[in-house]
Amino acid sequence: MASDLTLIKAGTGVLTKSSDGTLDRAALVHLVSAIAGLMNAGHRCLFVSSGAVGSGVSALGLTEYPKETATRQACAAIGQARLMQTYSSLFSNFDITIAQVLLTAADLGTPERAGYVSDTFRRLLMEPHILPIINENDSVAVEELKFGDNDMLSVRVAKLAGAKRVILLTSVDGLLDPTTNELIPEVSDIDNVFRHVREDKGRFSMGGMASKLSAVKFAVDAGIETHIAHGRHPERLAGIIAGNGISTRFHAAIAP
């Protein structure tokens, strides 16, 4: 596939308001503008977007992320449609067409099925003004069909698609040193940084830093450079891709 492919993942906490879990349209406009800028500069991108459940919460009159499976899946069914409608409208301002790809873990569970998914991405990425937007199919995925979270979904898709880098957008600048609270800009050995993990989950966020680092390890072991960066500052994406942006950069493992 594209030799300089970047997969960008935005978590629920980046896309929704912390107060009530509804879509934060201002944040989406900012993020869409940044991704469109990358694509219009010639970069190939995949976009993994959380937020389906969060964007469906208000439709059912809920005040927080639902714990009951059927309610969570109902929120996802409502919210995914809302989310994609919003993305379609926003990206059309930049002459970019979105393509929805909903996956469960079973879709990558066998070489044959993973091959079908890979073929779909390959064909979509042949078109410079089409952006595949990927999410877990939360309206049908039960525990045994789930990836775990969208961080792991992202890195598995990145490996399948042959991505050069993954950028995980979260609510902090990157991995922070717990003693100084300062950003750790470079990590060459992922196994040495698990001691820095903090669990910092919001009401509408599923993954903490622990799950991110597990996903990062999967990615770097697969030879994919990975970044954790602040999703409320998507204007930094171009700098990150250029090698000088604000993030924690995890170097890809060198094959023996």
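Two strands are taken to pair if DSSP finds at least two bridges between them, and in this predicted model that rule applies to strand 6 and strand 8 (residues 248-250), which run parallel and are joined by two bridges. Within this region Glu186 stands opposite Arg249 in strand 8.

Seen as a whole, the protein chain has eight helices and eight strands, and buried residues make up 50% of its 256 residues. Among the contacts in the chain between residues at least 6 apart in sequence, 72% join residues at least 24 apart.

Strands of a sheet pair through backbone hydrogen bonds, either parallel or antiparallel. Here eight strands form an open sheet in the order 3-4-2-1-5-7-8-6, and the pairing is mixed. Strand 3 (97-103) and strand 6 (186-187) stand at the edges, and because each has a single partner strand, one side of each is left without a neighbour in the sheet.

Strand 5 can be followed from its pairing to its surroundings. With strand 1 it pairs in the parallel sense over five bridges, and here Leu7 stands opposite Val166 in strand 5. Strand 5 also pairs with strand 7 (residues 225-230), again in the parallel sense, over six bridges, and the bridge partner of Thr170 in strand 7 is His230. Is strand 5 mostly covered or uncovered? Six of its six residues are buried, so that strand 5 is mostly covered. Both of its faces are covered, since Arg165, Ile167 and Leu169 on one side and Val166, Leu168 and Thr170 on the other are all buried.

Attention can now turn to the helices. Helix 4 lies across strand 2, strand 3 and strand 4, running at about 155 degrees to strand 3. On the side of helix 2 the contact is made by Arg25, Leu28, Val29, Val32, Ile35 and Ala36, and on the side of helix 4 by Thr86, Tyr87, Ser89, Leu90 and Phe91. By class, this contact has eight nonpolar, two polar and one charged residues.

When its neighbours within four places in sequence are left aside, Thr86 is in contact with Leu23, Arg25 and Leu28.

Helix 6 contributes Asp151, Met152, Val155, Arg156 and Lys159 to the contact, while helix 7 contributes Ser211, Lys212, Ser214, Ala215, Phe218 and Ala219. Sorted by class, the contact of helix 6 with helix 7 has five nonpolar, two polar and four charged residues.

Key: Residues numbered from 1 in each chain as written. Predicted model: local features only at pLDDT ≥ 70, side-chain atom pairs only at ≥ 80, totals over all residues. Heavy atoms only, no water. Contact = heavy atoms within 4.5 Å. Helix = DSSP H or I, 4+ residues; strand = E, 2+ residues; numbered from the N terminus. Nonpolar A, V, L, I, M, F, W, Y, C, P; charged D, E, K, R; others polar. Axes fitted to C-alpha atoms, helices over the stretch in contact; angles between N-to-C directions. Buried < 20%, exposed > 50% of the residue type's maximum accessible area, 1.4 Å probe, protein only.
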